[in-house]
Structures are given as structure tokens and as C-alpha cells.
Amino acid sequence: MASQDVDWAKVKKHLPFERTDEQKQQRKELFHRFDPNGNGILSLAEIDKSFKEVCQGLFPAAVLMRAFQKAKNLGHDGGLKDNYIEFKEFRKFLFYVRQYFEYYVAFSRVDKSGDHRLELIEFNEAWPEIQKWVKNGDKLDPEDTFKKVDANHGGFVLFDEFCIWADKNGLDLEDDDDYDDLETKK
């Protein structure tokens, strides 16, 4: 995927998380397609395999993993099902796939070397764009921000660290499908 050439309409088509009757029906069909053994829960392996088949590799494994980890514990209080996604969590999971895919695109735009980590020089070079993507970006200092994003102080920023920072700072690409208020569609 060329990070600059994302077909956001295609992304939206694959992720029916809106609260419409039509999309609820699409979610039911998709969930059943992803659940080949019919046990009513989805493992990460089932999700990964199904997304590869249905979406032809559109969504990277890192995106699916983050979305799975965030959604799998919604409404749970411990036990076996905490390691799986049930239908009641599936809509939010799809929402999180959309959200983390946008973060992945942003991360890829900064990661000019393609090594799946951001170095300070890449971060500084992309800073004018990054400032446009986050709330109050014009008030942030690039080097201080880099240090905060690099939570493990490893000298570079990993995708997981970038996602945590993006969540906290309301990252929103200017050229996505302009679906800015996704979280209000709970």
C-alpha cells in the first residue's frame, strides 16, 4: 500500500461499524463469515485469516492486532471469553480497525525508511504534516513530542507507541474519508 494512495471508500466498505440497520446486517453476515466453526467468538487467528481473505490484505496485521486487543475485553469481567471477540464487541472492533488503519497510514507517511519505526530525523522532517494531524499541533515542540511518544525510550517510535500518542492527541489525517466523529457513533 502506498501510504499516499489510500482508497478510503474501499476501507469504509469493508468496515460496517455504523449503527444503521443495513450495516448491522452486514456486520452479522461478516461475523458469521469470520466464525467458521460457529462458536460465536472470534480468535485473533480467525480474524487475521478472514481479513486476508475478505479484504485482500488491505489491513496490516499490526492494525488488526491493536484493534483486537482494544476490543476483546469490552463488556467482559474475566474468563475465557476475554481472549476473543464476541458479536457484541464486533462493531467496536471494526471501528478500531478503521481508527488504527488511519494511524498506520500516518505512521507510514512518516516512516520514510520503511523499517517500521520512526527515528527522530524522520519525525522532524514530517513535523509540518504531523502538526496538521493532531489537536493543538502548532503548540507542540517536535523533539519534546518525540521523547513523549517514545515511551520505552528506545530512541525510536514503534507503531504501538505512535497509536497511544495518536489516540491521546486526536490524530486525524486531512485526506481520509472525513469521517471525523467516528467515536460519537458508538
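Author: Let us begin with handedness: a crossing is right-handed if the near helix is turned clockwise from the far one by less than a right angle, and left-handed if anticlockwise. This is a predicted model. Here, helix α3 passes α4 in a right-handed crossing.

Reader: At what angle do the axes of α3 and α4 cross, and how is that angle classed?

Author: Angles over 145 degrees count as roughly antiparallel, and 65 to 115 as roughly perpendicular. The axes of α3 (residues 44-55) and α4 cross at roughly 140° and come within 11 Å. The two helices are therefore classed as oblique to each other.

Reader: Which residues of α3 and α4 meet?

Author: From α3 come Leu44, Ile47, Asp48 and Phe51, and from α4 come Ala61, Leu64, Met65 and Phe68. By class, this contact has seven nonpolar residues, one charged and no polar residue.

Reader: How do α4 and α5 cross?

Author: The axes of α4 (residues 61-71) and α5 (residues 87-110) come within 8 Å, with a crossing angle of roughly 140°. This pair, too, is therefore oblique, and α4 passes α5 in a right-handed crossing. On the α4 side, the contact includes Val63, Leu64 and Phe68, and on the α5 side Phe93, Tyr96 and Tyr100 are among the residues involved. The contact of α4 with α5 has 11 nonpolar, one polar and three charged residues.

Reader: How many aromatic pairs does a search of the whole structure find?

Author: The search finds 19 aromatic pairs. To class a pair, one compares the ring planes: over 60 degrees apart counts as edge-to-face. The planes of Phe17 and Phe95 lie at 80°, with ring centres 5.7 Å apart, so this pair is edge-to-face. Phe17 lies in the loop between α1 and α2 and Phe95 in helix α5, so the pair ties together parts that are 78 residues apart in sequence.

Reader: Are Phe17 and Phe95 buried or exposed?

Author: Buried means under 20% relative accessible area. Phe17, at 5% relative accessibility, therefore counts as buried, and Phe95, at 3%, does as well.

Reader: What is the geometry of the pair Phe123 and Phe146?

Author: Their ring centres are 5.4 Å apart and their planes at 65°, so this pair is edge-to-face. Phe123 belongs to helix α6 and Phe146 to helix α7, 23 residues apart. Both Phe123 and Phe146 are buried.

Reader: Which residues form one aromatic cluster?

Author: The cluster consists of Trp8, Phe31, Phe34, Phe51, Phe59, Phe87, Phe90, Phe93 and Phe101.

Key: Residues numbered from 1 in each chain as written. Predicted model: local features only at pLDDT ≥ 70, side-chain atom pairs only at ≥ 80, totals over all residues. Heavy atoms only, no water. Axes fitted to C-alpha atoms, helices over the stretch in contact; angles between N-to-C directions. Helix = DSSP H or I, 4+ residues; strand = E, 2+ residues; numbered from the N terminus. Parallel < 35°, antiparallel > 145°, perpendicular 65-115°, else oblique. Contact = heavy atoms within 4.5 Å. Nonpolar A, V, L, I, M, F, W, Y, C, P; charged D, E, K, R; others polar. Phe/Tyr/Trp six-rings, centres within 6.5 Å; stacked < 30°, edge-to-face > 60°. Buried < 20%, exposed > 50% of the residue type's maximum accessible area, 1.4 Å probe, protein only.
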